[in-house]
Amino acid sequence: MRRAGPPACRESFGKQGVDDVKSGPWAETGGGFPRPVWFWAGVAAGTAGTVLHLPMFLHARHMGYRMAGMAPDPAMVAGMALIVCGVGAVLVGLWPPRAEALRREAAAVRVRADDDAGLRPAHVMLLIVLSLAVTIDVMKPLTLSLVVPGVAAEYGLASPLRPGGAVSVAWLPLAGISGTMVGSFVWAGLGDRIGRRNSILLAGVLFATTSVCGAMPGFWWNVLMCFVMGMAAGGMIPIAFTLMAETVPRRHRGWLMVLIGGNVTVAYALTSWLAAVLTPEFGWRALWLVGLPTGLLLLVLNHWIPESPRFLLATGREEQARELLRRYGSTVVSPVSGPVPVSGSAPALVSGAGPGDAPGDAPGSGAGSALLSGSAHGSAHGPGSGPGPVPPGDVPGHLRLWGRGFGSRTAVLTLLATGAGLLTYGFQMWLPVNLGRVGYLEASSARILRDSALISLPLNVLTALLYGLWSSRRTAVVVAGSAAGALVVLAVAGETVAGDESLMRLLLFVPLWGISATAAVVAAYSSEVYPTALRSRGTGWAAGVSKAGGVLVLALAVGTAAVPPMEVTALVAAVPLALAAVAFVFLAPETRGRRLDES
């Protein structure tokens, strides 16, 4: 017999929609998936399809694993069909009934970590898993920069080492970075429609299946796969940071977000090491094939990735929501009634009976129902009633980011995000190519990048501690100013010391640290500097600006069929970083020690 959902849920979904969600395998034994059989069958099909691409790759070993011009064999064609069907089945398995209604329901719930609580074992495990997830995610765009020389050589594309090619190799990174822009918007909507955890798992499936980049004979198939891979990479990091914001206490939030964001350096060291080990023996394609085991690893870790309490409440899984809130020391914040602790009255609120209900009232007639439905009965009148949710027509748009009180902080954040994007997608993207231009072999440049990244690792820890324990604003000044100064030195002296690998490592370690540090500070600061009504737009603006700069640089490289030299990419990134350092001194507010809603 089907169970009826809470009255508030029924108001939003309709009886049938709630019953479908509540009584199905999702709510009982599905492990968080609406249709677990579809999901795992899709994972199996996608994995099998990816593996079916390997025989053709191995068959090319006598040609140095060069596959350009080869016709797909029957196994590869069957594998492509399995991948398409598998990803479709995964989407069916993850997509809940009435997903749009769930998005509206989840939007009415606010979850906030206890600002003064300490870190619990659950926090530590979550941070370890998310740190690994961010590292795997960041490895994707970094791999782009390391495969570009090999791709250009195999397909005869235009690059600094092959200026006569008819097609620019820049199409490959342009597709990947454009995919990250699209993914950041697509996954933002998915998080509320299918859940945070399921969105991360979908990215893992796409990481595994798009690893077939390593076995695609045609260049344009590589471009397509890179775009899809970029979508998953661009979408997962915002979801991961949102989970952190909902679970990590205030006094630990800033430095932990910067520390995990600094995993760019770990990813760079790991990816460079893989390039140095795999490329000489198996060629550039092996770097893409690594995506299969790393993507599947995210699926293995799904048990330790919690679902958002907001989404659990919206889907009627109140017991799971209560347990999750208790485990992480979080509270549900009603738009009407303020913070609602887990103990005491929390079970009533989570289950649909609010503190305003009389003992004989039906569940859901008071504030508990309002928590799920997004409004309270009588909330417009009476003492103590809150402002309620903002009507859709009154929700501030992106122009409010530039209005009175917010324009200066948006301006400085825009400068820092622009510099971070140009540093990552302008300077770093073409760094292996430019090292080859000054005489370093592919394996030698990978070793230099790996060693420089490893040297800069302690600076990431220092950056996180400065941000959380000293000052967010001053840390941004130090990060931006140091990166800008190091880029200028590299632009002036880079070619002079090109023959000395040790000096080149020393010149590169601060810019490589700057890549991870600026990205981490942008992510953390943009999530803290705006009030609740503008926070999602502020973080989205910062993320979009950083990626837009990279797309612009790569589009220019495609249009001119040339890659800018290292000194040019270094100076172009140094200018906005230097301006950001100065602007943060005079215009940026301090966020350390402030509640998120006080920004």
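The dialogue below treats cores, helices, salt bridges and contacts in turn.

User: What kind of model is this, and which pLDDT limits apply?

Analyst: This is a predicted model, in which local features need pLDDT of at least 70 and side-chain atom pairs count only at pLDDT 80 or more, whereas totals for chains, interfaces and linings use all residues. Residues are numbered from 1 along each chain as its sequence is written, and side-chain values use heavy atoms, with hydrogens and water left out.

User: How is a nonpolar core defined, and which residues of the largest one touch the most other members?

Analyst: A nonpolar core is a set of buried Ala, Val, Leu, Ile, Met, Phe, Trp, Tyr and Cys residues joined through side-chain atoms within 4.5 Å. Buried means under 20% relative accessible area, exposed over 50%, and partly exposed in between, with a 1.4 Å probe and protein chains only. Here the largest core has 147 residues, and Val151, Trp187, Met244, Phe427 and Trp430 touch the most other members. Helix 8 (residues 121-155) gives the largest share of this core, 18 residues. Another core, of eight residues, lies apart from it and includes Phe57, Tyr65, Met67 and Leu289.

User: Where does Tyr65 lie, and is Tyr65 buried or exposed?

Analyst: Helices (H or I, at least four residues) and strands (E, at least two) are DSSP runs, numbered from the N terminus. Tyr65 is placed in the loop between helix 5 (54-59) and helix 6 (74-94). Its relative accessibility is 10%, so Tyr65 counts as buried. The phi of Tyr65 is positive, near 60 degrees, in a residue other than glycine.

User: What span should helix 13 have, and where does helix 13 bend?

Analyst: The expected span of a helix is 1.5 Å times one less than its number of residues. Helix 13 (residues 263-282) has 20 residues and should span 28 Å; its end C-alpha atoms are 27 Å apart, which agrees. The bend at a residue is the angle between axes fitted to the seven residues ending there and the seven starting there. Helix 13 bends by about 30 degrees at Ala276, with the proline Pro280 following within four residues. After helix 13 comes Gly283, with a positive phi near 80 degrees.

User: How many salt bridges does a search of the whole structure find?

Analyst: A salt bridge is a side-chain nitrogen of Lys or Arg within 4 Å of a carboxyl oxygen of Asp or Glu. The search finds three. In one of them, Arg285 pairs with Glu154, and the closest N and O atoms are 2.8 Å apart. Arg285 lies in helix 14 (residues 285-289) and Glu154 in helix 8, so the pair ties together parts that are 131 residues apart in sequence. Both Arg285 and Glu154 are buried.

User: What pairs are found in helix 17?

Analyst: An α-helix has 3.6 residues a turn, so residues three or four places apart point the same way. Glu319 and Arg322 are both in helix 17 (residues 318-328), three residues apart, about one turn of the helix. Their salt bridge brings the closest N and O atoms to 1.9 Å. Glu319 is exposed at 56% relative accessibility, whereas Arg322 is buried at 11%. Arg326 and Glu323, also three residues apart in helix 17, form a salt bridge with the closest N and O atoms 3.2 Å apart. Arg326 is partly exposed at 41%, and Glu323 is partly exposed at 37%.

User: How far apart in space are Ala555 and Trp171?

Analyst: Their C-alpha atoms are 8.1 Å apart, although 384 residues separate Ala555 and Trp171 in sequence. Ala555 belongs to helix 25 (residues 532-560) and is partly exposed at 34% relative accessibility. Val568, in helix 26 (residues 566-587), is 81 residues from Leu487 along the chain, with their C-alpha atoms separated by 10.0 Å.
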